[in-house]
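The following report describes a pair of protein chains, beginning with the way in which they meet. Please consult the sequence and the structure while reading.

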Amino acid sequence: MTAKDLFQRLRERKGTALSVALHLLVLGWGLVSFSTRSVEAPQEDVIPVDISMDNTSKMTAGIKSGKKENPKPLVDKVAEAKPVDDAVGKIDKKDVVTSTSTPDPPPKPAEKPVEKKPDPPKPVPKEVPKKAEKKPDEKGDDPIADALKADKKKPTPKQETKAAPPQPPKPKQERVFDQSKIAALLDKRDPAHQAVTGDVINPNAALGTRTGNANAMVATWQGAFVSAVKRCFNFPYNGQDADQFEVDMDIQLRRDGTVASTPVIVAVRGPSKSVGNAMAESARRAVEQCQAYAFLPKDQYDTWKYIPMTFGLKDML
Amino acid sequence: MSKVPFVTRRRFMIATGSAVAGLGFRSAWAQGRLKIDPDNFQPMPIAISNFVAGSPADGDAGAGITGVITNNLKRSGLFAPIDQAAFIEHITNIDVSPQFASWKQINAQALVTGRATRQGDGRLKVEFRLWDVGSGQYLTGQQYVTSPDYWRRIAHIISDQIYERLTGEKGYFDTRIVFIDESGAAERRVKRLALMDQDGYNVRYLTKGSDLVLTPRFSPSTQEITYMEFGQGDPRVYLYNIETGQREIVGNFPGMSFAPRFAPDGQRIIMSLQQGGNANLFVMDLRSKSTTRLTDTPAIDTAPSYAPDGSRICFESDRGGKPQIYVMAATGGPAQRISFGDGTYSTPVWSPRGDYIAFTKQGGGQFAIGIMKPDGSGERILTSGWHNEGPTFAPNGRVVMFFRDPGGNSGPSLFTVDVSGRNEQRVPTPGYASDPAWSPLLS
């Protein structure tokens with residue numbers, strides 16, 4: 001068959017030709033668009049971060065105060081039955097509010113009590129601006145009709161701040177009920193705690209939830225030290241009972257972050273004495289190999305000149 | 001290390017409790033100790049310096065020994081030997097303490113130095129020393145004198161010493177593997193009984209390949225091998241003496257006998273005997289030649305394997321319909337089924353440590369090698385794919401060898417994998433290889 005014949009046949013069967021052409025087009029497109037490789041992200045080395053004790057202490061201070069305040073959630077109690085919902089539902093409530101906000105004034109008070117904590121702070125001048133910033137969201141709900149205006153103008157915050165004042169009256173109405181309690185709460189709070197928790201953990205505090213998560217995520221010199229030693233701790237073990245081995249070791253450090261004396265092995269636990277002892281040696285080797293730990297904050301030397309540690313193999317498998 | 005107290009968990013808890021109650025911690029944070037768990041396994045960096053030649057003629061032996069040790073430790077997956085090109089210090093005299101700073105600089109945690117010297121009587125003296133780089137502490141050392149022909153064996157023994165000193169467990173390098181060497185086309189495969197070092201060297205063929213041989217197993221003394229051979233008639237269980245080359249049929253039974261394995265004392269062989277369409281387990285005393293029946297079921301009971309203390313036996317049986325693994329007392333009696341996963345379980349073998357039973361698991365078109373505890377719990381698949389079979393434990397119970405047959409025109413090969421499932425390695429063999437069995441430590 002010549003090319004001419006083929007062309008003629010194709011002409012006769014335009015539908016077929018069109019179909020073939022379209023299929024080829026789709027296949028070609030597929031080849032191009034699906035054959036691209038996903039970009040491989042290069043693995044990054046773990047780098048210990050030197051974190052000053054100032055940050056750490058502030059974080060822990062905030063947390064500690066949070067815990068202490070938890071028993072106080074008298075503020076939440078003011079909101080009464082809703083504290084139960086608080087933990088999970090604050091965001092949900094907001095959504096609900098957005099849908100019905102304008103028509104129903106009552107729901108607002110319900111929400112606001114949660115945030116009223118900020119309100120009471122009025123006596124504390126510092127928190128007032130914070131409230132103003134956070135309220136904008138809800139306030140945006142209130143002036144739904146003005147939404148367009150808000151979009152147009154950057155000074156939205158101003159509008160919001162302006163909106164803020166109108167709200168206070170509502171809380172005031174509630175204050176009529178709770179004034180004494182709120183005042184009592186405010187009095188009990190340490191101003192310092194309010195400042196810290198208000199900035200960072202405000203929503204949690206308002207909900208009355210624990211700040212335990214924040215505590216776990218706080219990076220400390222302990223974390224940096226652990227990750228530094230971990231880089232050198234590679235005990236050669238391939239048994240299935242790795243999680244049963246533990247070595248307790250006391251480490252003494254000099255101010256410059258070097259090991260002051262051979263780390264003392266306090267205890268070795270595990271199903272095999274010989275393996276446990278080899279692991280203890282490996283742990284000691286790791287501590288000595290990875291020194292000096294110069295990143296440890298020198299002004300806090302008293303907290304790390306003596307470090308009791310426990311080495312395990314739990315996560316190795 | 002004798003100063004290190006070894007305490008039980010309970011004793012430690014009591015001690016810790018009283019310390020906390022009485023004195024409290026010296027640290028500012030009384031909540032406890034800083035905990036370190038490695039995120040994942042990392043092999044230990046170790047520097048193995050070239051063994052110094054006692055005389056210019058010993059250079060080859062020194063380099064060879066260094067190479068064998070390096071290969072052993074690397075293949076174990078637990079150590080990461082550092083490339084010699086990175087070495088800053090070149091050891092020329094092992095009697096002088098190494099410059100640890102230069103070894104620390106290349107991140108070595110341990111250092112091996114050694115020397116090989118041909119003595120006046122023609123024998124080879126090999127010395128080695130193991131150092132802790134961080135503390136500069138001398139960890140262990142030894143010297144051996146042997147015929148120069150056995151330099152590989154010395155290298156394996158030194159590897160075991162290093163392994164034991166750093167891991168706290170016995171090594172497995174000074175061992176042998178007995179296996180079935182396979183050669184020729186797939187339809188006319190010649191199978192010979194073969195023996196080699198665990199690293200694939202020093203291969204010896206024990207049979208000529210005229211008869212089909214299967215399932216070789218070492219005796220605890222490593223001097224004898226028991227296996228099954230298809231001769232002129234029914235397949236029979238044979239005993240083969242490695243030193244003398246003598247072989248004999250184990251027992252004189254009417255039907256076929258197969259799946260033999262030594263008892264831990266080396267004085268008895270346990271095996272399956274065919275009885276009609278069934279097979280039952282028997283144990284035969286090699287001295288008195290007396291035979292004891294252990295099972296009597298209308299099923300196929302096979303692949304028996306002793307616990308290391310000789311008190312119990314695991315075996316494969318289809319008494320429940322499909323092949324599964326059972327455990328019973330070594331004297332017979334009721335058997336307890338321990339495998340309950342999907343698919344069928346076969347070729348169980350008890351770890352020399354006693355802590356696990358390895359098996360072949362078949363299901364879903366896959367042949368997997370796995371381990372489980374003797375009570376059936378903790379099942380763990382180590383490798384899976386097309387036709388993995390026949391697990392055997394290293395003498396320290398930390399490594400499992402098996403064979404993998406991809407099918408088609410190619411043939412099977414030997415592999416090892418840690419009981420953790422990590423570090424799968426192919427074992428070099430001259431041709432195709434199957435049915436491996438690991439010997440106990442030779443020394």
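## Strand pairing between the chains

Strand β3 (residues 306–312) of chain A and β1(B) run parallel and are joined by three bridges. Met309(A) has Leu34(B) as its bridge partner in β1(B). Strands are DSSP runs of E of at least two residues, helices are runs of H or I of at least four residues, and both are numbered from the N terminus. Two strands count as paired if DSSP finds at least two bridges between them.

This is a predicted model, in which local features need pLDDT of at least 70, side-chain atom pairs count only at pLDDT 80 or more, and totals for chains, interfaces and linings use all residues. Residues are numbered from 1 along each chain as its sequence is written, while chains are lettered from A and ligands numbered from 1 in the order in which they are written.

## The wider interface

The contact takes 40 residues from chain A and 39 residues from chain B; two residues are in contact if their C-beta atoms, placed from the backbone, lie within 7 Å. On the side of chain B that touches chain A, the elements giving two or more residues are α1 (9–22), β1 (34–36) and α4 (151–167) of chain B. The largest share of that side, three residues, comes from β1(B).

## Chain A and Leu253(A)

Chain A has 16 helices and three strands. Of its 317 residues, 30% are buried, that is, with 20 or more other C-beta atoms within 10 Å of their own, whereas 12 or fewer means exposed and values in between mean partly exposed; C-beta atoms are placed from the backbone. Among the contacts in chain A with a separation of 6 or more, 76% are between residues 24 or more positions apart.

Leu253(A) is found in the loop between β1 (246–252) and β2 (264–269) of chain A. Leu253(A) counts as buried because it has 22 C-beta neighbours inside 10 Å. Leaving aside residues up to four places away in sequence, Leu253(A) touches several residues, including Tyr293(A), Trp304(A) and Ile307(A). Leu253(A) and Tyr306(A) are 53 residues apart in sequence, yet their C-alpha atoms are 6.3 Å apart in space.

An open sheet of four strands in chain B has the order β15-β16-β17-β18, with antiparallel pairing. β15 (257–262) and β18 (291–293) of chain B stand at the edges; each has a single partner strand, so one side of each is left without a neighbour in the sheet. β15(B) pairs with strand β16 (residues 268–275) of chain B over four bridges in the antiparallel sense, and Phe258(B) has Ser272(B) as its bridge partner in β16(B).

The largest nonpolar core has 140 residues, of which Ile46(B), Ile65(B), Ile357(B) and Val400(B) touch the most other members. α4(B) gives the most to this core, with eight residues. Such a core is a set of buried Ala, Val, Leu, Ile, Met, Phe, Trp, Tyr and Cys residues joined through C-beta atoms within 7 Å.

## Confidence

The model scores ipTM 0.80 and pTM 0.68. Mean pLDDT, the predictor's confidence in each residue from 0 to 100, is 87 for chain B, with 93% of its residues reaching 70 or more. Over residues 1–31 of chain B, pLDDT stays under 50. Where pLDDT is low, the predicted coordinates should not be read in detail.
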